[in-house]
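Thanks for making time this morning.

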Amino acid sequence: MKTNEKQTDSSTEQKAIKLTAHERIHLLADDGSFLELGKSAHSSVPGMEERTPADGLIGGLIRVDGREAVVQAMDVSVLSGTEGEVHLRKSEYFHQYAKKRKLPLFNLCEGGGLRMPDGMGSDGISDKLFPNCLLDHSRETPTLTAILGDSFGGPTWMAVTSDFVTQVRGTGMAVAGPRMLEMASGEEITAEDLGGPDMHAAYTGQIDHVAETEEEAITAMKRFFSYLPSSYEDTPPFKVSVPSPSSSGENAAAVVPSNMRRPYDMNKLIREIVDPESFMAYRPFYGKALLTGLARMDGRVTGVVASQPLHMAGAPGPEECDKAVDFICLCDSYHIPLIFLHDTPGFRISSQAEKRKMPSKIMNWNTALAKSTVPKYSIVIRKSIGAAYGNMGGPGMGADVVAAWPEAEINFTGPDVGVNVVYGRQIKQADNPSEARAAYLEQWSFDSSPAKAAGKFLIQEIIEPEQTRDFLLRFLRTASDKSERRLADWPMST
């Protein structure tokens, strides 16, 4: 009981510690680099000049780890961070300047959305709708958003059209706040229940990272930015890597059980393949049967898409499809090569999946994969079954190379399922169903070994587990630096 009391007190104390808009910017920016623009701005409503310094939006130019960027931070101390006419004009300026000068944009959000008096009436709302620069961004420059306090309306639009979103636990992000929701529909709900990180993590996938504190959120923004170019005209930053024994790939085989039914953590295999401490997970709490994230291989930024056998045996469902599409679009837009690591029994099939448009989601994933032009490297680790074999960068899906470990299984379906589907009635009617099933399994002799596909050059190579890192590195070193960015205009939130 005492432990619970301590945790509650600690949580309450932590939640009470809130940074100002200026403090948030200085935490993000390199020392002395912030040049504020619009300090003299204020509300355009007569009599509100003194009450609305900067009209509740602090912004300007900063440097982040030595790179120039644009920042805007809502000031919740000014009319709850709501968006008046001047506030919106400033925000549009920051968006446009970032796009025009090919600079990344950082949004530090906490605000109540459109300010009622400014936005009322046909004239008020007519000039305060979505700015075109928010909708026609085309991923020309990275946009990163942190939800640092309750955020409704405008801050939410910024978040769901960003390349990376982190949200602090204890906050809410939604179209409208609880009070407006209650007035409109009678529903009573807290901001966190309405749009907190747990809700977005479990249901919407509209955030990519969950932070416990504001400091952690801003640190995550900076780390994610370290993998991205400043604009599409550049390539991702190269970082000199110092190899260590743990990054040689020699222990790769030890991570993966030979028993096809035994789960393991794919994160461990990823760490064996990429540079030490370089993997940053993207949306790890959503679509858990698929891992996505950014890493470095010999200093070069790469994207990783990998099955996660610890969750649903690595079988992707609707959430995994959405996550894969978003991540492939991100990587294709910013010239980041993709590595696919297969260990999947196929797509999750169920009536619930069908109700959530599973066929459409599978084909969206396929379409994004087919249209992407970044280098793609595909490795079958233990198994790759059915249509998921294609969605994970299998043959015919545009991968530069498809390889497999020697003991991998590749097939339309596994033998257990195949026998049950084809011979299920005969097995059920047999005098000894167990013996009959065993006999049919022995008869089911389709060769799932990668050797058959490799023999016909349908896949390019069979490699030993310990060769995986060096094999991928050889191809990465021959890859071109820039892609055609065919997915840059794909909707930011699928």
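Predicted model: local features only at pLDDT ≥ 70, side-chain atom pairs only at ≥ 80, totals over all residues.

Asp-163 and Arg-139 form a salt bridge, with 3.9 Å between the closest N and O atoms, where a salt bridge is a side-chain nitrogen of Lys or Arg within 4 Å of a carboxyl oxygen of Asp or Glu. Because Asp-163 lies in the loop between helix H7 (154-160) and E6, and Arg-139 in the loop between helix H6 (132-135) and strand E5 (143-152), the pair ties together parts that are 24 residues apart in sequence; helices (H or I, at least four residues) and strands (E, at least two) are DSSP runs, numbered from the N terminus. Asp-163 counts as buried at 3% relative accessibility, and Arg-139 counts as buried at 3% too, buried meaning under 20% relative accessible area, exposed over 50%, and partly exposed in between (1.4 Å probe, protein chains only).

Residues are numbered from 1 along each chain as its sequence is written, and side-chain values use heavy atoms, with hydrogens and water left out.

Asp-343 forms a salt bridge with Arg-382, at 3.0 Å between the closest N and O atoms. Asp-343 lies in strand E12 (residues 338-344) and Arg-382 in strand E13 (residues 376-385), so this pair ties together parts 39 residues apart in sequence. Asp-343, at 0% relative accessibility, counts as buried, as does Arg-382 at 4%.

By this rule the count comes to 18 salt bridges, and Lys-18, Arg-24, Glu-110 and Glu-214 are linked in a network of them.
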